[in-house]
Amino acid sequence: MIVLSNNQGDANNVSGALSYVALGKPVVIPYEHKAVQVDNAALQKFLGTYTIPYSGEVEISYKDGKYYRGRKGGRTMELLPESATKLYCTGYVDEQFEFELDAGGRVKKAYLIQGGIKKPLTKK
């Protein structure tokens, strides 16, 4: 799938999502995110460094009462809770982190949702 852009737009994410649609794979439709109040202790279990398949690593951190996501050589962006198991980036990037918990409340699975594609993450 080739997507051309003359304004340095997000052609990679667009082509990825279009490829998923063409192949019949699920795509997460964009929507407006709303921050909610979540107990700080519930979010602490999400802190750490995660490996993104074929894309390097991303770190979820906590500093001065706020959550952040950072990548080596990239911007650090604030994360806000959308639910007790989902965080989203503020600013120009539509990225979300979604977590599945086991019966004991521990992280069982983690995902990065970016450009409509839900990518599994592996915690280091």
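Student: Which residues have the most contacts inside the largest nonpolar core?

Tutor: This is a predicted model, in which local features need pLDDT of at least 70, side-chain atom pairs count only at pLDDT 80 or more, and totals for chains, interfaces and linings use all residues. Residues are numbered from 1 along each chain as its sequence is written, and side-chain values use heavy atoms, with hydrogens and water left out. A nonpolar core is a set of buried (under 20% relative accessible area, 1.4 Å probe, protein chains only) Ala, Val, Leu, Ile, Met, Phe, Trp, Tyr and Cys residues joined through side-chain atoms within 4.5 Å. The largest one has 18 residues, and those with the most contacts inside it are Tyr50, Leu79, Phe97, Phe99 and Leu121.

Student: Is Arg69 buried or exposed?

Tutor: Arg69 is found in strand β3 (residues 66–70), strands being DSSP runs of E, at least two residues, numbered from the N terminus. Because its relative accessible area is 6%, Arg69 is buried.

Student: Which side chain does a polar contact of 2.8 Å join to that of Arg69?

Tutor: A polar contact is a pair of N or O atoms within 3.5 Å; within protein, one must be able to donate a hydrogen and the other to accept it, and residues adjacent in sequence count only if both atoms are side-chain atoms. The partner of the Arg69 side chain at 2.8 Å is Glu95.

Student: Which side chain does a polar contact of 3.1 Å join to that of Glu82?

Tutor: Glu82 is found in strand β4. The 3.1 Å polar contact joins its side chain to that of His33.

How values were computed
Buried means under 20% relative accessible area, exposed over 50%, partly exposed in between (1.4 Å probe, protein chains only). Helices (H or I, at least four residues) and strands (E, at least two) are DSSP runs, numbered from the N terminus.
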